[in-house]
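Hi everyone, thanks for coming. Let me put the model up on the screen, and then we can walk through a few spots together.

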Amino acid sequence: MTTAEIKAITVSRMHTPLAEWMRAHPRIADILGAVPFIIVSIIIGLPAADVGEAGLQDPEGALEWAILLLPSLLLIFRRSLPITAVLLGTLGTTVIWLVGLPDYTFATAALLYSAYVHGREPFGRNVAIGAGIFLTGFTVLGASVGQAPTFVVALVALTMAGAIALASNAVNHRNYLDEAERRVEQAERTQAAEARNVVTEERTRIARELHDVVAHGLSVIVVQAGAAQRIIDKDLDGTKHALGEIEGAARSSLTEMRHVLGVLRTEDAHNRRPTPGIQSLAELVKSYEDHGIVTALEINGDERSVPSTIETSVYRIVEEALTNVLKHAGPRAAAAVALEFSSDQLELSITDNGRGAAAPASDPGHGLMGMRERVEVIGGEIRI
C-alpha cells in the first residue's frame, strides 16, 4: 500500500457535515430522499382525469392514489428493507401499468439501485437484476399487444439498465475502498510489529553490550582487588599497580557505558565513538597481559572487510572469553586468540590452559548465553 493510495482512500472516505448528519440519521435521510419522488408522482397524477377527479373520500380514488404513490413511498425503506421495498415496488409498478395509471420509472429504478447496493450479497443483486428484467420484459409484452409505445420500452430498458450499472459501480467502489482500508490497516499492523521487533532487537543488543562492558570491567576490578588485598602488607608497589588497574578498568568501563547509553539519547552520528571491531582485537588482547594473563593473537588468511555486526560480535566474544579466563583460569594462565579468514567464512577460536573444571563453582551468569546469541544473530555456529 503506497502513500498515494492511502491518501486517495482518506479523501474517498471524507464526508461533508451534511453527509455525516445523514449517516447518523438514516431514516430521516431516507424520508427526505423520498419526498422529491412523491412530489413528482403527485404532479404526474393530478392531470390524469380518473385520478385527478377522484378525491381521497372516494375509496376507488384513494386506492388509485395509494397505488400511484407506492413506489415513491417505499423509498423510505430503501435501506432498512431493501428487498421487500423493491419487490413491492415492482408489484406496484406492474399494477400501475395494468390499470393504466400515469407513471414514471425513476422511483422504481431507485428501489432497484438500493436493493443491489444495500441488500445482502448476492441475493440483493440477483433480486435487483431480476426485477429490472421483469419490468423490461413486461413493457416489451405491452408493446407487442399495442398497449405501450415503442419508445416506452426503450425508456424502461435504459432506466433499469442504468440503475443496475450505477449500483454495480457503487458496490465495486465500496468493495475497493473496504479492501484498500483493510490493506492499510494490515500495513499499519505490520509496520507496528516491525517497529516493536526493531525496538526489541535494539534492547537486546544494548543489554548484551552493557553486560559485556560491565562484566569485563568488574571482573578486572574483582581480580585486582583480590590481588591487592593479598599483597598489601608485603608488596607496596604491587598494591599500587593493582589499584591502578582497578582505576583504569573502572574508567574504561564507565567510558564504554557512556558510549552505549549515548546511543539511546542521541541520533547524532558525530557524537558516537566507532564500534569496536577486529582492528581493536590486538589492543584488547594485550590489555589482559596487564592483568596477569599471557595472551597471544594470531590472524591468518586474507583479511577483508566484514559487516560491522560481525566485527562487533567477534570483539565482544573475545572480550567475554578472556574475561572468563581472568575470572576462572587461575594464576599464570595463558590464552590464545586465533582468527582465520577463508573464502566463505570467518573462524574464531579462543583457548586457554586454565584450571577448567577444577575452578571454583560460581554463578554462570549470562556470558556464554550472550556469546551464543551473538553467533546465532549473525548466522554462525558456536562450540564451547
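Is the crossing of α6 and α7 left-handed or right-handed? It is left-handed, meaning that the near helix is turned anticlockwise from the far one by less than a right angle.

A quick word on what you see: this is a predicted model, where local features need pLDDT of at least 70, side-chain atom pairs count only at pLDDT 80 or more, and totals for chains, interfaces and linings use all residues. Residues are numbered from 1 along each chain as its sequence is written, and side-chain values use heavy atoms, with hydrogens and water left out.

Back to our helices (DSSP runs of H or I, at least four residues; strands are E, at least two). The axes of α6, residues 82-99, and α7, residues 106-118, come within 9 Å and cross at roughly 155°. That makes α6 roughly antiparallel to α7 (an angle over 145 degrees).

Next, please find Ser-41, in helix α3, residues 26-45. Ser-41 is buried, with a relative accessible area of 3% (the cut-off is under 20%, with a 1.4 Å probe and protein chains only). Its contacts, leaving out residues up to four places away in sequence, are Trp-65, Leu-68, Leu-69, Ser-72 and Tyr-104.

Finally, the strands: β1, residues 294-300, and β2 pair in the parallel sense over 7 bridges (pairing takes at least two DSSP bridges). One of the partners to look for is Ala-334 in β2, bridged to Val-294.

How values were computed:
Axes are lines fitted to C-alpha atoms, for helices over the stretch in contact, and angles run from 0 to 180 degrees between N-to-C directions. Angles under 35 degrees count as roughly parallel, over 145 as roughly antiparallel, 65 to 115 as roughly perpendicular and the rest as oblique. Buried means under 20% relative accessible area, exposed over 50%, partly exposed in between (1.4 Å probe, protein chains only). Contact means heavy atoms within 4.5 Å.
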